[in-house]
Structure formats: structure tokens, C-alpha cells
Amino acid sequence: MAEESLRKASGYTQPWFCLSRCKTLHRCRNHSRCIRTKDHAVSTLVRVTQYTCMLLSYLMEHKADKKKLVVKLKQLESNMSSSRKMFRLGNMVHALVAARRTKQLPDVVPRFCLTASNLARALYFVCDAALWLKSVGLRPDIDKPKWQNWATKFYYFSILMNLGRDWYEISWRLEQALQGEKTKDNSSWDKRDQELDCVKDDDGLHSFLVLLFQILKRHPPLLLDLVKNLCDLSGPLDTLGIYKTNPGVIGFCGILSSLVGILTLASPHLKLQQ
């Protein structure tokens, strides 16, 4: 608090990501983090472009007068995918650092889920780097289908671990809300408690969904993280053949996930803390 008051008194405000020479221009005390955030922002914008091209090409592929445009969109999508692989070259180190940090969390379930997720992401980036070496011709002997399959599996496992952490957070908050309902005093009801009254006399799935809605409504970071992970799940489910869909759905989910990522970058308080 004292440090924050000192920064406000000096007129210092750290931007959501710094430009070049941010340490000099903005007196940034965490220059490396600003660089990672800037790289993440650029990578996310490239991801939005890639999935937008995927969605548009899917919507136009059956129109005879749009064939040339579809070809250009698919080419741009491929170029954006290759560009994202270049941005990921340093992400393996960041994932390992994150795994080391989450390994120290006090709660067992978040510690396991987040550490396993970060380790799986690191392995995913290793596979992705190998595929990039194959695409640029540096390692033409690499078995592309095999490495793609492993990359998808690691990515899928990482998302499942993130969803496990989300469900743990939701379950904990649901339990807290139900306990609060049982122990609250009539004289200390507030507006937020009264929102739960509508489920007091209901049973089954309806009451659970209403209570879940209230929990997510009160915790936007948890809601955004859940939406992002569910959207990211569409790609590997289709690739692994678990639940087949189409490029239109994958493109839409990819755009939505990327927009959530941009939102959490622009407003860090909306990002679920690890």
C-alpha cells in the first residue's frame, strides 16, 4: 500500500504494456514482464486474425463468387499460424517458470492443476517448436503427424487441468454460499444474500444453475477464465476426434477466446490469479 501511494504521489502509472525503452521512459520496475506482456498482446492479435480468417473462409467457401477470397483468407490463416509459432519459441521457458511458481501454492488442488497445466504447456511448446523447425526446412526428417498429435494431446491436457482448477474454484464458492445461507442472521441480510433467496425453496438442477449463475456473476475473472478454457477446448476435441465439429465453430471459439485474452491483458484485474 505504501509503495502504491508513493507511485501515485510521484505521478507514476505503469501501462498495461510498455513500449521500447520502457525502463527509461516509464521507470518500469519489471521490464521483462512488460516485454512478455507486449509479446503476448501481439501474439493474441495474430491469433484473432487467424481464427477470423478461418471463420470467414468457412462461411464463404460455398459461394462461387468468393473462391478467390477464400483462397486468400486460407493463405493468410496459414501465415498467421506460422507467425504464432515464432512467438511461442520463448514460451516454454515462461511455462516452466509459471510451473515453478504454482508449485508453491498452499491449496493442493490448484497447486496440482496449475503445475500440471504449465508443464503440459511447456511440452506443447516443445512439440510446436519442432513443427516450426519442420515447416522452415531446418529439420525435414521430423515426423509431422506424430509431433502434431503429441502437441494436441499436451494442449488438451493443459486445458483440462485449467478447467479442473476452475471447477475447484466454483465448487469452493458454491460451498461458501450454501454455508452462508445456513448460518446467516436475519438481521444481517444484505442485497447479495437476498439474491440467493430465489433458490432457497427450489430443488435440483434449476437451483444449482441459479446459484452457479450468481457465483459467476459476482466473480468476473472466474467467468472469463471458464469461458476461455471452454472455447480453447473446441480445437483439440476436433483434432483428436473426441467431438468432431467444423472450422466455423473452431474459428468462432478461437475469436471469443482471443478477445477474452485481450480483455484480461487490457484489464489485469479481470485475470484469474494463480
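The questions and answers below go through a predicted model of one chain.

The numbering starts from 1 along each chain as its sequence is written. Local features need pLDDT of at least 70 and side-chain atom pairs count only at pLDDT 80 or more, while totals for chains, interfaces and linings use all residues, and side-chain values use heavy atoms, with hydrogens and water left out.

Student: How many helices and how many strands does the chain have?
Tutor: Helices (H or I, at least four residues) and strands (E, at least two) are DSSP runs, numbered from the N terminus. Counted in this way, the chain has zero strands and 12 helices.

Student: Is Lys271 buried, partly exposed or exposed?
Tutor: Lys271 lies in the segment after α12 (247–266). Buried means under 20% relative accessible area, exposed over 50%, and partly exposed in between (1.4 Å probe, protein chains only). Because its relative accessible area is 46%, Lys271 is partly exposed.

Student: Which residues does Lys271 touch, not counting residues up to four places away in sequence?
Tutor: Contact means heavy atoms within 4.5 Å. Pro221 is 50 residues from Lys271 in sequence, yet the two are 5.1 Å apart in space, C-alpha to C-alpha. With residues up to four places away left out, Lys271 touches Pro221 and Thr264.

Student: Where is Trp147 placed, and is Trp147 buried, partly exposed or exposed?
Tutor: The place of Trp147 is in helix α7, which covers residues 144–183. Because its relative accessibility is 30%, Trp147 counts as partly exposed.
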